[in-house]
Amino acid sequence: MLTESPLPIRHPTPSWRRYLAPKILRQVYEGTPVTEDFAEGYPSDEEWHGYINNNDRVLLKVIHYSSPTSAGAECIDPNCTWVEQWVHRAGPREKIYFKPEEVKAAIVTCGGLCPGLNDVIRQIVITLEIYGVKNIVGIPFGYRGFSDKGLAEMPLSRKVVQNIHLSGGSLLGVSRGGPSVSDIVSSMEERGINMLFVLGGNGTHAGANAIHDECRKRKLKVAVVGVPKTIDNDILLMDKTFGFDTAVEEAQRAINSAYIEAHSAYHGIGVVKLMGRSSGFIAMQSSLASGQVDICLIPEVPFNLHGPHGVLRHLKYLIETKGSAVVCVAEGAGQNLVEKTNATDASGNIVLGDIGVRIQQETKKYFKEIGIPADVKYIDPTYMIRACRANASDGILCTVLGQNAVHGAFAGYSGITVGICNTHYVYFPIPEVISHPREVDPNSRMWHRCLTSTGQPDFI
Ligand SMILES: Nc1ncnc2c1ncn2[C@@H]1O[C@H](COP(=O)(O)OP(=O)(O)O)[C@@H](O)[C@H]1O
Ligand SMILES: O=P(O)(O)OC[C@H]1O[C@](O)(COP(=O)(O)O)[C@@H](O)[C@@H]1O
Ligand SMILES: [Mg+2]
């Protein structure tokens, strides 16, 4: 069960407790000009009810299952007893724990690209400025920017970030690998950074948590706050992560192209490989959304290519009955069917074998062997999807996550990450969300909806 995060830097320093908070936070939420003074003194809580109370809680589970046999039931005991699991509600607090003029805030983006990175950077900078922070920097090219002497900090301001959300990528650049946690924290000490915003996936968050621990060990009053960036949507407990919606939307274009190619060719077969190292969310949602996919293959569900129940036999059936077929495969699917690369990237992630290419080759070979002509086309839109700018729904998600990251740091939280849970914005303790990647449940209703939509059988 989740409990309160430790809030290790929450020192009850009286002079900080009311430091400009009501005035500043009104400006954030009501758009009052930064220069305005309250002639009557700061408004009291009675007058304005825009703050989040530290004891506000968001429940992790909102369904009380009456029976373990209810669809999707997650009961911890045979009686389905209700157990309250909760996390802190995100948002501005009345009491803040940093004097804005003493803050040096840094933002770093790590791992692979993801639509929305620039939107989050922009919103963090804008919100920091509204709090009154003047010293804001970007660390170039991920954690590597902390150690590489040739890479200078990038000063950030509203002016610099004003239009960056109009393009994809990261203004700051990204990278994998990099220096040790101890070197990162030493570099932060040297630079005087006391607020660190870390945008990245599971690996980045493992790093952020280790940075948080190291800061505590060195008794540094530093807030380390994460914003989960994973196009694969593979972080636990969250409704979704930013970039995922955009990825699903962009994937439609690839699937549609594969469909048109397949449909226009004599015995056409289109194969599309989508992202998802260990989780098939993009492939599943894109297949569901497009309605053009006949076979969806994800890492969580094993399948055979050959044999009486294999994918290839079903493709033959589809060609005979429909004349064309579209396959959507997640990059991490069927890794038992491809040659292991035995390689890892700079972050230690396993480099996967190419299941898309494998399916294309085996399909061609199979149809040749059975003497049926087939025109197989393969599309891998990975980098085209990753480099997109965020769509409207991700843009809004990024905006709220960016603002809440800053509120969390000013509220004195560290070792947390922001997210959306049951439609509410919350702070999660980092270790709870990265203990393992979130995966598609093959028994879930959503996966079954996908199977209903594609009409595919089991391939085992
Ligand atoms: N267990 C870990 N502890 C500390 N840093 C890590 C850890 N795993 C990954 N990192 C660092 O986090 C960064 C991003 O990791 P990576 O796996 O490439 O991307 P992502 O964060 O998207 O999963 C890299 O710089 C990597 O060195
Ligand atoms: O070629 P790169 O940059 O290593 O990235 C490829 C990988 O990036 C991803 O898009 C996701 O990367 P993250 O680790 O940043 O989440 C994977 O789906 C893909 O395997
Ligand atoms: Mg990762």
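Me: How far is an oxygen atom of ligand 1 from a polar backbone atom of Gly-201?

Reply: The distance is 2.9 Å. Read it as a polar contact (a pair of N or O atoms within 3.5 Å; within protein, one must be able to donate a hydrogen and the other to accept it, and sequence-adjacent residues count only through side-chain atoms on both sides). This is a predicted model, in which local features need pLDDT of at least 70, side-chain atom pairs count only at pLDDT 80 or more, and totals for chains, interfaces and linings use all residues. Residues are numbered from 1 along each chain as its sequence is written, chains are lettered from A and ligands numbered from 1 in the order written, and side-chain values use heavy atoms, leaving out hydrogens and water.

Me: Which polar side-chain atom lies 2.4 Å from an oxygen atom of ligand 1?

Reply: One of Thr-204. On its own, ligand 1 has 550 Å² of accessible area (Shrake-Rupley, 1.4 Å probe), and the protein covers 74% of that.

Me: Is Lys-273 buried or exposed?

Reply: Buried means under 20% relative accessible area, exposed over 50%, partly exposed in between (1.4 Å probe, protein chains only). Lys-273 has 10%, so it is buried. Its place is in strand β8, residues 268-274. (Strands are DSSP E runs of at least two residues, helices H or I runs of at least four, numbered from the N terminus.)

Me: Which side chains make polar contacts with that of Lys-273?

Reply: Asp-354 does, at 3.3 Å. Asp-380 does too, at 3.5 Å.

Me: What is a disulfide, and how many does the structure hold?

Reply: A disulfide is a covalent bond between two cysteine sulfurs. Here the cut-off is sulfur atoms within 2.5 Å. The structure holds one. Cys-75 and Cys-80 are joined, S to S 1.9 Å. The link is right-handed, with 60° about the S-S bond. Cys-75 is partly exposed at 26%, whereas Cys-80 is buried at 4%.

Me: Which residues touch the most other members of the largest nonpolar core?

Reply: Nonpolar side chains tend to be buried together in soluble globular proteins. A core is a set of buried Ala, Val, Leu, Ile, Met, Phe, Trp, Tyr and Cys residues joined through side-chain atoms within 4.5 Å. Among 68 residues, Leu-128, Met-195, Phe-197 and Phe-410 touch the most others. Helix α3, residues 117-131, gives the most to this core: nine residues.
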